[in-house]
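Open the structure in your viewer and keep the selection tool ready. Here is a short tour, stop by stop.

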Amino acid sequence: MKQLLYKEYKLCLVPMVPLFYLFALMLLIPSYPYQVAAFFTCNSIFYLLKQASLNGDTLYSAMLPVSKAEVVKARVRFVVIVQMIMFLLMIPMILLNHKLYPGGNPAGVDGCVTLLAFVLMVFTVFNAICLPGFYREESKIDKLFLFSVIGVFGWIILSESFMIAAGAARQAVPLFAWVESHLDCYPATDGVWIAQLIALAIGALIYGVGTVLTVRRAVRNFEQVDL
Amino acid sequence: MALLDVRELEKRYPTFTLDKVSFSLEPGYIMGFIGRNGAGKTTTMKAMLNLIHRDGGQVYINGRSFFENERACKEEIGFVMGEFDCYKNATLQKITDVTRRFYPDWDEQAYESYLSRFALEEGKKIKELSAGMRVKYALALALSHNAKLLILDEPTSGLDPVSRDDLLDVFRSVIEDGSRSILFSTHIISDLEKCADYITYIKGGKVLSSTDVISFREGYRLVSGDREHLEVRRPKLIGCKEHAFGFTGLIRAQDAGAFAACKIAPADLESIMIYTEQEDGHETASL
């Protein structure tokens, strides 16, 4: 596995992956749906997969002394590393965001722990659509990316709309009032911290389970592929 | 014990079936894998290495099931599928740096000697190499990790005659200690004449013959004669070519008696392949 990860780093990593980490700076934009920053990491992973496909990486990897399953697991692990780096980069950006805009984000979820949970959902949706499909027919990576974009933006629009609606209707709906005061704000009290950490734990659980299921489907697909 | 034992390997496509392909190769020998384009040579090799999903059959490397011990078996195999065609913008140095990490028995000295022998420069990118040089690079990688078994799909195509001859010398030196073997497919039958000990001949997804080269050749005869000798003997001809003065054809050695009136000569591998491909329906080619 270590060798396969080294291969990913040396032969598959495209400049867009580190370059697109700069999109973490989008969290410094006032009034913006901040989950979009995470989408750009997914975009860079698309470029990585596309370039791997053009480079004949799958055949090269399958000819190495590893199983097909290990090829898939290493790729998914590398994708998770790429995503986790973005996840970690967003933490100082959230702190800066709060310093710059203490009033919150009227365009969606505030820069807070809940945003990190939402970012994990963005990654889960992208991985679930793009990676198993890539290992079924890598030549259709462009189409897969289109479906991933639809899936990711579907989630972003839904979740951000919910947060905006919660802010607007907090006087009328008690649940929205709780969401607004516990999930869509910078955590200042223990109660808010707990609520947001639970949200993050749920996001992490979904991301973890989603990744395991993604690997299983991708391995199953790749076992059937004729290279 | 056979170094390579392929048993009833099957792969079904809508328009082609690899039909229970079986053959084996002992250590210390070179086996030529021959057949027309589309006969199933590459499909067999890929199915053997799990690169395509097989529908049945088993492959044993040194007595171990390949599919149950994929990693360990692959460490003992050097596989070349024509020219190295991956990562065209990467240098040889970078690709080798990654590849060598997968093989515990990587032999840096051997690798450097092959680079030198094949006149490969590590600083060059794949896209800067000619097709022949890419084949040589693939071979250098395959030969540098002390593989017990080399599986080479058309390794000599794209090489000039001098390089081909040099490569055949490399093949002979690889197997001379008696512990390693080479299976290689080729359309250049003269290469097999020079170095193969065994021949496996595949046609339409089925193995027609898998035996040593001498027995394979001894099983056939080339005959030539006048036209009047042809008609009554046509059913015994595997294939034939008619020309203005008569015919030339291939027969099985046991049928030689029926052609006593004709000129009979030993058959070469290329003729056996050419005439055998005409066998269905005894079609003839007129010159």
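In which helix of chain A is A:I194 found? Select it and see: A:I194 belongs to helix α9, residues 190-224. Bear in mind that this is a predicted model.

Together with A:I194 they make a nonpolar patch on the surface. The accessible area of the four comes to about 360 Å².

Next, the rings. Over all chains, the structure holds 25 aromatic pairs. Start with A:F20 and A:F40, an edge-to-face pair with 6.3 Å centre to centre and 80° between the planes. A:F20 lies in the loop between α2 (16-19) and α3 (35-54) of chain A, and A:F40 is in helix α3, so the pair ties together parts 20 residues apart in sequence. A:F20 is buried, at 13% relative accessible area. A:F40 also counts as buried, at 18%.

Move on to A:Y60 and B:Y87. Their ring centres are 5.2 Å apart and their planes stand at 85°, so this pair is edge-to-face. Here you cross between chains: A:Y60 is in helix α4 (residues 57-63) of chain A, while B:Y87 is in the loop between β6 (77-81) and α3 (92-100) of chain B. Both A:Y60 and B:Y87 are buried.

Go back to A:F20 and widen the view. A:F20 and A:F40 belong to one aromatic cluster, whose members include A:F23, A:Y47 and A:F153.

Last, look for charges over rings. Select B:R101: its charged end sits over the ring of A:Y6, 3.8 Å from the ring centre. Then select B:K241, whose charged end sits over the ring of B:Y275, 5.9 Å from its centre.

How values were computed
Residues are numbered from 1 along each chain as its sequence is written. Chains are lettered from A and ligands numbered from 1 in the order in which they are written. This is a predicted model: local features need pLDDT of at least 70, side-chain atom pairs count only at pLDDT 80 or more; totals for chains, interfaces and linings use all residues. Side-chain values use heavy atoms; hydrogens and water are left out. Patches are made of residues with over 30% relative accessible area and no salt bridge: like charges are joined within 9 Å, nonpolar side chains (Val, Leu, Ile, Met, Phe, Trp, Tyr) within 5 Å. Accessible areas come from the Shrake-Rupley method with a 1.4 Å probe; for residues, only the protein chains shown count as cover. A salt bridge is a side-chain nitrogen of Lys or Arg within 4 Å of a carboxyl oxygen of Asp or Glu. Helices (H or I, at least four residues) and strands (E, at least two) are DSSP runs, numbered from the N terminus. Rings of Phe, Tyr and Trp (its six-membered ring) pair if their centres lie within 6.5 Å; planes under 30 degrees apart count as stacked, over 60 as edge-to-face and the rest as tilted. Buried means under 20% relative accessible area, exposed over 50%, partly exposed in between (1.4 Å probe, protein chains only). A charge sits over a ring if NZ of Lys or CZ of Arg is within 6 Å of the ring centre and within 35 degrees of the ring normal.
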